[in-house]
Amino acid sequence: MKFDRTVSTTCPYCGVGCQIDLNIKEGRIISAKASEGKAPNFGRLCVKGRFGTDYTHHPTRLTKPLIRKDLDKEKREPCGMEGFREASWDEALDMAADRISRTFLQSGSSAFGTFCCAKATNEDNYLFQKFVRSVLKTNNIDHCARLCHAASVAGLQKALGSAAMSNSIAEMKDLDLFIVTGSNTTETHPVISTYLKEAVVKNNARLIVIDPRKIEMANFAILHIQHKPGTDVAVYQAMAHVIVRDKLYSRDFIDRRTEGFEQYSASLDACTPQWAEKITGVTADKIEQAARLYGEAEKAAFYWGMGISQSVHGTDNTLSIANLALMCGHLGKPGTGVNPLRGQNNVQGCSDSGGLPNIYPGYQNVADEESALKFEKAWGTDLNRKPGLTTLEMSDAIGEGIISDFIIMGENPLMSEPDLNKAREHLSKLKNMIVIDIFLNETGQYADVILPAAAFSEKNGTFTNSDRRVQLVRKALDPPGEAREDWQIISELAKRVGRRIGQDFSSEFNFSRADEIWDEMAELVPAFGGISHERIEREDGIHWPCPDKSHRGSPYLFSDSFPRGKGKFHELKLTNLSEQPDDDFPYILSTGRVLYHWHGGTMTRRSVLNDISPRPFVEIHPDDARKENLDSDSTVRVSSRRGSIELDIRISDRSPTGVLFIPIHFAEAAVNELTRDIRDASAKIPDYKICAVKIEKGR
Ligand code: SF4
């Protein structure tokens with residue numbers, strides 16, 4: 001077929017950040033294929049990038065601003081399109097600005113909660129947090145990073161002072177030994193999984209998988225450690241015990257680059273492999289083997305996902321991995337490091353751009369006077385030094401009546417938060433809710449004003465992938481109807497709110513192109529100083545830190561030092577705060593993703609991908625299915641103390657006995673009806689991977 005044109009851009013799905021060519025004909029994306037010869041995917045693409053961009057043309061796209069018909073009811077109820085009326089941009093923006101400014105003048109900045117968006121560009125997110133901080137004067141801003149890798153961030157910040165992947169995707173070809181843990185890489189980061197498998201098959205790298213499920217990556221592993229869910233720290237502490245006992249650590253690296261080793265190593269005395277066997281169900285022999293492989297390897301890297309971070313012990317899980325890397329000196333070299341695989345296309349960039357409650361762009365602390373003064377000078381206004389609330393703390397504050405106004409750009413907490421009954425109850429108490437999105441999702445149904453946004457193929461800007469590579473997003477089409485780019489919407493809103501509260505922000509939000517926004521951010525963030533849209537266009541993507549124009553970018557980190565100075569060992573105590581199975585709820589429920597869908601399903605459920613994977617299911621081990629008298633034709637009901645959902649059954653020995661697995665993508669059987677809102681104390685991330693449930697025949 002002859003196309004009108006082909007536009008190269010960045011995949012809107014996972015954090016791999018594949019480069020894709022969109023073939024355009026008569027105003028539609030006709031097909032997509034991998035851009036040839038471009039990092040990070042070099043011609044590879046998974047099914048989502050190849051076939052999943054059709055959601056942008058779905059008939060339910062929002063094309064006009066919407067205003068709720070029954071505004072200011074005592075308790076808001078969710079409603080579909082019939083509950084809204086169409087409005088002009090002026091009316092909708094004025095109404096949003098009226099309501100926001102009224103709250104600001106009556107209740108002050110602490111009455112606001114805001115979510116920015118890991119699917120939007122760096123430029124969208126930079127401007128959103130600038131609006132929140134400089135106009136609304138609050139740091140109550142967060143996004144879904146809180147719900148995916150917050151514990152990886154908290155742990156790595158404590159140990160190293162930096163939380164991003166330490167190595168680039170390109171280095172996977174250099175791997176000697178690597179550990180994949182808590183990551184079903186084949187389905188969540190498909191193109192990365194091809195590089196990792198290639199390292200094994202072509203380059204004889206050795207892989208250890210540490211995961212309770214028999215994930216596909218385990219077929220390539222020399223060792224699969226199937227520990228009981230929630231016992232990760234015991235596995236890694238026992239490995240550390242063996243490495244210390246047998247002196248497999250790097251004395252030189254410990255002396256030069258770390259602090260706290262003697263105290264930490266002394267704390268490992270009791271953490272023998274036999275001790276761990278009783279806790280984890282993994283034989284002591286296997287733990288010994290894993291420890292020796294990791295300790296003796298010339299180069300070794302960790303890759304992990306939600307299985308490590310989405311835990312009430314997530315920070316400790318991460319610290320236990322960092323302890324191992326520090327003691328063996330497996331940091332600071334190509335193909336050697338610690339790598340949390342980021343989930344969403346721009347979750348790394350959204351955090352880098354300041355979409356978190358405690359930092360300005362570039363991880364500059366809001367409570368640090370020097371940083372605050374710098375941003376005050378740049379933005380021409382005074383700023384709030386008090387760190388803001390995290391995602392779930394904002395939900396609590398809404399429930400308690402402290403936050404009355406919620407502004408959400410592109411996130412869907414009514415799919416992503418744990419214990420959805422509670423989350424809905426909280427949202428229903430809001431006085432004012434403004435949503436910027438491309439579809440009316442479960443959360444938007446509670447909004448007062450909905451502002452229609454552009455999808456990834458309808459805007460210019462940048463996404464930063466999981467390995468810190470800043471890449472261009474190029475506009476291929478105009479947004480449908482009257483939809484606008486997020487940064488344009490935010491600019492208009494900021495100016496209108498400013499006028500109503502007596503401040504003139506017209507010059508601060510006066511941008512005509514996305515690259516102008518990037519340039520402002522790059523001036524304020526040392527790690528971005530050498531990156532511009534024009535340079536990325538020339539070089540196809542640049543890894544931060546890249547402090548100046550002559551710098552080539554940083555594919556791997558920590559070659560000379562850590563951002564905190566010396567790497568710090570942390571003693572860990574084993575705790576078990578997860579909900580345990582009992583007679584009433586005898587199974588552990590674990591949640592996760594499947595290849596064909598993405599997160600809350602707002603995009604992939606509106607794509608042809610939904611034809612391949614149209615129905616929610618629970619995965620159950622054959623022994624458990626027999627015990628419960630369930631066969632493959634059964635529809636089942638899975639219930640926890642918080643809720644109940646009905647779904648198909650999939651009998652498979654991928655999950656161990658006693659463990660059920662349900663994917664997160666299906667609103668009609670949302671697994672977060674069941675999950676429990678208990679959080680890691682440091683990272684405030686919920687325990688998505690473990691709660692107690694029962695299973696019975698459905699209707
Ligand atoms: Fe898109 Fe990720 Fe698939 Fe690449 S691996 S095509 S970035 S979803």
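Is R245 buried, exposed or partly exposed? R245 counts as partly exposed, at 40% relative accessibility. The bands are under 20% relative accessible area for buried, over 50% for exposed, and partly exposed in between (1.4 Å probe, protein chains only).

1. Basis. The model is predicted: local features need pLDDT of at least 70, side-chain atom pairs count only at pLDDT 80 or more, and totals for chains, interfaces and linings use all residues. Residues are numbered from 1 along each chain as its sequence is written, and side-chain values use heavy atoms, with hydrogens and water left out.

2. R245 and D246. These two side chains form a salt bridge, 2.8 Å from N to O. The term requires a side-chain nitrogen of Lys or Arg within 4 Å of a carboxyl oxygen of Asp or Glu. D246 is also partly exposed, with a relative accessible area of 33%.

3. R535 and E539. Another salt bridge joins this pair, with the closest N and O atoms 2.8 Å apart. Both residues sit in helix α22 (residues 533–539), four residues apart, or about one turn of the helix. Helices here are DSSP runs (H or I, at least four residues), as are strands (E, at least two), numbered from the N terminus. R535 is buried at 5% relative accessibility. E539 is partly exposed at 35%.

4. D677 and R679. Their closest N and O atoms lie 2.8 Å apart, in a salt bridge. D677 counts as buried, at 18% relative accessibility.

5. The structure holds 58 salt bridges. One network of them links D90, D94, D98, E492, R496 and R500.

6. Annotated span. The UniProt record, an unreviewed entry, places "domain: 4Fe-4S Mo/W bis-MGD-type" on residues 4–60. Its positions follow the numbering used here, feature names are shortened, and annotations may be inferred rather than shown by experiment. This span is 9% helix and 35% strand. Its end C-alpha atoms lie 25 Å apart.

7. Ligand shell. Residues around the ligand include C11, C14, C18 and C46, along with K48 and P190. A residue is near a molecule if one of its heavy atoms lies within 4 Å of it. Helices α1 (47–51) and α7 (190–201) each give two or more residues to this shell. The shell divides into nine nonpolar residues, two polar and one charged. In that scheme, Ala, Val, Leu, Ile, Met, Phe, Trp, Tyr, Cys and Pro are nonpolar, Asp, Glu, Lys and Arg are charged, and the others, Gly among them, are polar.
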